[in-house]
Amino acid sequence: MAERAEELLDAAARCFAHGGFHATTVAEISLEAGCSPGLLYRYFAGKDALVAALVERQANRTVALLESIRASDDLLEALDRAAVAQVDGWDDARAASLHV
């Protein structure tokens, strides 16, 4: 995925975490991302597409994390690293709910 698309997803995740999906507008996401709504629509068809991309991105990250744990020789250390990596990526408690 393009770097700009990732930035748009990050902005959408922050907006959804703080305002909820239904209350968040494309204009708010665009403002958070520092772009026009038109640019956002070049990457995503709308809020539903943003949510689908967020879910896909998190699923891919989870699969990669589980594969790294499975490949490890030291299961406890791998689980510890995975837990720390997951928590370090959370901005706040509400954003953490996007990672579950």
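**View 1. The salt bridge between Asp 10 and Arg 57.** In this predicted model, Asp 10 and Arg 57 form a salt bridge, with the closest N and O atoms 2.9 Å apart. A salt bridge here is a side-chain nitrogen of Lys or Arg within 4 Å of a carboxyl oxygen of Asp or Glu. Asp 10 sits in helix α1 and Arg 57 in helix α4, so the pair ties together parts that are 47 residues apart in sequence. Helices (H or I, at least four residues) and strands (E, at least two) are DSSP runs, numbered from the N terminus. Arg 57 is buried, at 11% relative accessible area. Asp 10 is partly exposed, at 32%. Buried means under 20% relative accessible area, exposed means over 50%, and partly exposed lies in between (1.4 Å probe, protein chains only). Glu 6 joins Asp 10 and Arg 57 in a network of salt bridges. Residues are numbered from 1 along each chain as its sequence is written. Local features need pLDDT of at least 70, side-chain atom pairs count only at pLDDT 80 or more, and totals for chains, interfaces and linings use all residues; side-chain values use heavy atoms, with hydrogens and water left out.

**View 2. The salt bridge between Arg 14 and Glu 32.** The closest N and O atoms of Arg 14 and Glu 32 are 2.6 Å apart. Arg 14 belongs to helix α1 and Glu 32 to helix α2, so this pair ties together parts that are 18 residues apart in sequence. Both ends are partly exposed: Arg 14 at 30% relative accessibility, Glu 32 at 40%.

**View 3. The salt bridge between Arg 4 and Glu 7.** Here the side chains meet at 2.7 Å, N to O. Both residues lie in helix α1, three residues apart, about one turn of the helix. Glu 7 is partly exposed, with a relative accessible area of 33%. A search of the whole structure finds five salt bridges.

**View 4. The largest nonpolar core.** This core has 17 residues, and Ile 29, Phe 44 and Leu 50 touch the most other members. Helices α1 (3-19), α2 (26-33) and α4 (47-71) each supply at least two residues of the core. Helix α1 gives the most, with eight residues. A nonpolar core is a set of buried Ala, Val, Leu, Ile, Met, Phe, Trp, Tyr and Cys residues joined through side-chain atoms within 4.5 Å. Leaving aside neighbours within four places in sequence, Leu 50 is in contact (heavy atoms within 4.5 Å) with Leu 8, Leu 9, Ala 12, Phe 16, Ile 29, Leu 40 and Phe 44. In soluble globular proteins, nonpolar side chains tend to be buried together.

**View 5. The surroundings of Ser 30.** Ser 30 lies in helix α2. Ser 30 is buried, with a relative accessible area of 1%. Not counting residues up to four places away in sequence, Ser 30 touches Cys 35, Ser 36, Pro 37 and Leu 40.

**View 6. A nonpolar surface patch.** Leu 75, Leu 76 and Leu 79 make a patch of about 310 Å². Leu 75 is in helix α5 (residues 75-88). Patches are made of residues with over 30% relative accessible area and no salt bridge; like charges are joined within 9 Å, nonpolar side chains (Val, Leu, Ile, Met, Phe, Trp, Tyr) within 5 Å. Accessible areas come from the Shrake-Rupley method with a 1.4 Å probe; for residues, only the protein chains shown count as cover.
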